[in-house]
Amino acid sequence: MTNYRLGYACINMTLGAQKPKVTTNRSMIKRTFQAKGLPYASELALQNVKDLRQILEWNLQNDITFFRMSSDIFPWASDYKLEDLPDFNEIEEILFDCGLFAEEHGMRLTTHPGPFNKLCSPNEQVVLNTIRDLEIHGKLMDLLCQPRTPKAKINIHVGGAYNDKPMALGNFCRNFARLSDAVRSRLTVENDDKESLYSTQELYDGIFKKIGIPIVHDYHHHHFCTGGLSQLDAVELALSTWGDVRPVVHYSQSRSVEHNDPKIRANAHSDSYWTPINTFGLEMDVMLECKHKELGLFKMRELMSETNCLAAK
């Protein structure tokens with residue numbers, strides 16, 4: 001019995017290569033939304049949630065019980081109430097069924113709203129837009145009947161430093177209080193991949209100690225923003241913030257190293273993997289963020305299996 005579980009994010013490349021392809025990322029440009037309106041947004045959302053069920057079934061068949069859902073299930077969701085979608089009743093039924101399926105099979109479902117979410121911003125409109133987007137994610141989790149705990153995490157970054165980290169961290173904590181329980185109860189925060197932003201240590205001191213939300217430690221980001229901690233120390237610090245909920249970490253490797261190309265940013269995510277993650281014997285769920293999605297997960301399984309075999313000899 002391993003003390004870790006591997007997951008992948010948003011897109012299933014195997015199912016996406018089928019015809020018709022299976023995906024939860026159907027969207028449209030703003031002009032199309034303005035022309036076709038709610039009926040078309042509803043049509044796309046309905047197909048997205050139907051395909052979510054297919055992806056979960058495929059995951060189960062391949063012994064994958066940790067999955068990050070796409071943030072594009074509802075196209076242009078910030079422009080309407082989900083309940084106003086013509087197909088909402090059917091969408092609601094399918095999402096309830098997806099959540100029941102996940103619960104029956106011990107699956108963990110999470111989300112990672114995009115980088116435009118900045119609870120720390122000094123600009124009120126940016127904060128309002130962030131709250132709106134996060135509430136959509138909270139509503140999705142509720143429709144899936146997911147627990148209002150970080151088990152069903154809604155993970156974000158602080159969002160910026162604005163040359164004043166104490167101000168930005170303070171804004172984040174104050175604006176956290178403006179969120180509904182559907183979001184607050186699930187929100188987590190992740191360390192960054194730039195020295196000018198936030199290390200796991202800074203998140204612990206500036207956010208966890210103030211509002212108590214868990215820290216998602218990203219191994220790859222840590223190489224570029226250590227906060228003076230070793231990888232092990234940072235992992236242990238982040239894991240200590242999760243209470244009785246199984247912690248989540250993120251893992252990728254450098255695309256620059258993978259392709260032996262110094263022109264590629266060192267902090268860019270790799271396509272796949274060539275070394276196994278070191279879990280340090282700690283209990284965690286590992287969200288793999290390589291570009292090859294579930295194929296990268298299969299590769300990581302091989303690497304971890306080889307490591308375990310060598311350790312057993």
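Y80 is buried in this predicted model, with a relative accessible area of 7%. Buried means under 20% relative accessible area, exposed over 50%, and partly exposed in between, using a 1.4 Å probe and protein chains only. Residues are numbered from 1 along each chain as its sequence is written.

Y80 sits in the loop between β2 (66-68) and α3 (88-104). Helices (H or I, at least four residues) and strands (E, at least two) are DSSP runs, numbered from the N terminus. Contact means heavy atoms within 4.5 Å. Leaving aside neighbours within four places in sequence, Y80 contacts F33, L38, A41, F74, P75, L85 and R132. L38 is 42 residues from Y80 along the chain, and the two C-alpha atoms are separated by 8.2 Å. The Y80 side chain also reaches the backbone oxygen of P75 at 2.5 Å. A polar contact is a pair of N or O atoms within 3.5 Å; within protein, one must be able to donate a hydrogen and the other to accept it, and residues adjacent in sequence count only if both atoms are side-chain atoms.

N191 lies between β5 (187-190) and α7. The N191 side chain reaches the backbone nitrogen of D218 at 2.7 Å. Not counting residues up to four places away in sequence, N191 touches H157, Y198, S199, T200, L203, V216, H217, D218, H221 and H222.

Helix α7 (residues 200-211) packs against α9 (residues 231-239). Their axes come within 9 Å and cross at roughly 30 degrees. Axes are lines fitted to C-alpha atoms, for helices over the stretch in contact, and angles run from 0 to 180 degrees between N-to-C directions. The two helices, α7 and α9, are therefore roughly parallel to each other. Angles under 35 degrees count as roughly parallel, over 145 as roughly antiparallel, 65 to 115 as roughly perpendicular and the rest as oblique. The crossing of α7 and α9 is left-handed. T200, Q201 and Y204 of α7 make the contact with A234, L237 and A238 of α9. By class, this contact has 4 nonpolar, 2 polar and no charged residues. Ala, Val, Leu, Ile, Met, Phe, Trp, Tyr, Cys and Pro count as nonpolar, Asp, Glu, Lys and Arg as charged, and the others, Gly among them, as polar.

Helix α5 (residues 165-176) also packs with α7, at an angle of about 30 degrees and with the axes 10 Å apart. The crossing of α5 and α7 is right-handed. A crossing is left-handed if the near helix is turned anticlockwise from the far one by less than a right angle, and right-handed if clockwise. K165, L169, F172, C173 and F176 in α5 meet E202, G206, I207, K210 and I211 in α7. These residues divide into 6 nonpolar, 1 polar and 3 charged.

The peptide bond from K19 to P20 is cis, with omega near -5 degrees. P20 lies between α1 (13-16) and α2 (30-61). N260 has a positive phi, near 50 degrees, and is not glycine. N260 counts as exposed, at 68% relative accessibility. F280 lies in the loop between α10 and β8. Phi of F280 is near 60 degrees, and F280 counts as partly exposed at 28% relative accessibility.

Notes: Predicted model: local features only at pLDDT ≥ 70, side-chain atom pairs only at ≥ 80, totals over all residues. Heavy atoms only, no water.
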